[in-house]
Amino acid sequence: MTISSQTASHKIGATFGVGWRSVVGVWAFGMAIKMPVLDLEVSRVPAMAYDGFEERLFLVFWEVTRACALACKHCRAETQSHRHPQELNREESSRLIGQLAELRPPMLILTGGDPLMRTDALDLVREAAAAGLHVGLSPSATARLIHADFAEIKAAGVERISLSLDGATRATHDAFRGVSGTFDRTIAAVHRAHAADLSVQINTTLTRGNLSEYEAFKKLMFELKPAIWSVFLLVQSLGARAGKHRPGMRSPLGIRDGREVMFISHTGVVSLSGFLPFDCGNVREEHPTEIYRHHPLFVSLRDNQALGGKCGRCEFNSCCGGSRARAYGVIGDPFAEDPACVYQPKVAAASYKALV
Ligand SMILES: C[S@@+](CC[C@H](N)C(=O)[O-])C[C@H]1O[C@@H](n2cnc3c(N)ncnc32)[C@H](O)[C@@H]1O
Ligand code: SF4
Ligand code: SF4
């Protein structure tokens with residue numbers, strides 16, 4: 001099992017168990033990650049970030065629908081119980097898959113909402129897999145998932161399924177998700193996935209409300225044996241002051257929002273991530289490659305020189321760059337320094353000013 005702290009697509013670095021070997025690697029559905037490892041999983045994705053991020057993507061998150069039967073309080077997707085009438089339809093979705101295949105992102109994550117709220121979800125998986133994309137699926141733990149045929153999900157081409165577990169106990173998780181029974185359904189889904197030999201990732205959003213269960217989480221992970229346990233942290237944000245939270249994110253090895261990562265909304269709007277809601281164009285009108293390569297926000301956020309504060313002068317900014325989502329969420333500026341980073345760059349602010 002690999003335990004990672006990462007981004008969404010997007011998360012913050014966290015400290016894990018004592019004595020575990022720390023390695024730098026890449027998880028099949030994740031960003032570049034610094035991860036303590038129990039049994040290092042050998043990913044099919046190249047284990048290092050590749051050059052050429054101006055041209056190519058590492059990871060695309062496609063929110064195939066915002067419909068979801070759950071209504072978690074923290075959810076960035078502001079989910080609806082029904083599919084949006086302006087959602088990308090089947091034809092538009094097929095065209096998008098073809099375009100993404102040209103761009104060849106190593107990973108395409110079908111997320112939501114609940115992707116299984118689309119009756120054609122597995123058709124989209126089949127199409128994407130046939131086009132050569134590595135497909136991940138992030139369903140919600142509802143009755144729909146429990147009744148799904150996990151062998152069919154795997155046969156369709158899903159390489160890994162990710163499930164959210166935000167409490168180590170039934171009470172905590174169900175309170176977090178707002179619907180009783182989701183803990184049991186999530187555990188059942190993990191077992192069903194194992195039985196179908198479908199690789200599982202568990203995503204956990206740590207908050208003040210469940211942090212005390214950290215040790216219990218670890219114990220549970222040893223029992224559930226996911227391929228990856230991915231830990232997210234929520235940070236207080238500008239949005240949070242208006243009643244919302246945004247996630248903190250960290251993605252070492254140079255992969256970050258807008259840099260090898262793209263988010264496509266249910267209506268086709270392209271943005272840097274699900275947590276940086278800038279409209280950079282719509283796949284209905286523009287090829288996603290064009291948007292990724294040429295939209296000024298994508299171009300400038302890839303530029304380490306454009307980063308502000310200590311991220312701008314940090315000797316690690318080409319392999320880190322900080323969380324752009326957290327900078328935006330907390331400071332309101334996606335170019336600002338990562339407000340959660342405790343590292344002090346070697347070049348002090350005063351000397352840096354003298355240099356530039
Ligand atoms: C939007 S959900 C979609 C997939 C699926 N419905 C689920 O909940 O796993 C993807 C992941 O984003 C997380 N998420 C949603 N809103 C978030 C937020 N504001 N901050 C951090 N993580 C968030 C969810 O907890 C979940 O792990
Ligand atoms: S299950 Fe996922 S998409 Fe649905 S409301 Fe919860 S976090 Fe949002
Ligand atoms: S200061 Fe350096 S280490 Fe810290 S987030 Fe910014 S780039 Fe990364």
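## Helix α6

Among the residues of α6, Thr-182, Phe-183, Arg-185, Thr-186, Ala-189, Val-190, Arg-192 and Ala-193 are buried, that is, 20 or more other C-beta atoms, placed from the backbone, lie within 10 Å of their own. This is a predicted model, in which local features need pLDDT of at least 70, side-chain atom pairs count only at pLDDT 80 or more, and totals for chains, interfaces and linings use all residues. Residues are numbered from 1 along each chain as its sequence is written, while chains are lettered from A and ligands numbered from 1 in the order in which they are written.

The cover over the buried residues of α6 includes β7 (158–164), α5 (170–177) and α7 (214–224); contact requires C-beta atoms within 7 Å. Helices are DSSP runs of H or I with at least four residues, and strands are E runs of at least two. The 14 residues of α6 (182–195) should span 20 Å at 1.5 Å a residue, and the end C-alpha atoms, 20 Å apart, agree with this. Asp-197, which follows α6, has a positive phi near 60°.

## Helix α12

Helix α12 (residues 324–331) is largely enclosed by the rest of the structure, because 7 of its 8 residues are buried. Among these are Arg-324, Arg-326 and Tyr-328. Just after α12, Gly-332 has a positive phi of about 90°.

## Ligand shells

Key: Expected span 1.5 Å × (residues − 1). Buried ≥ 20, exposed ≤ 12 C-beta atoms within 10 Å, placed from the backbone. Contact = placed C-beta atoms within 7 Å.
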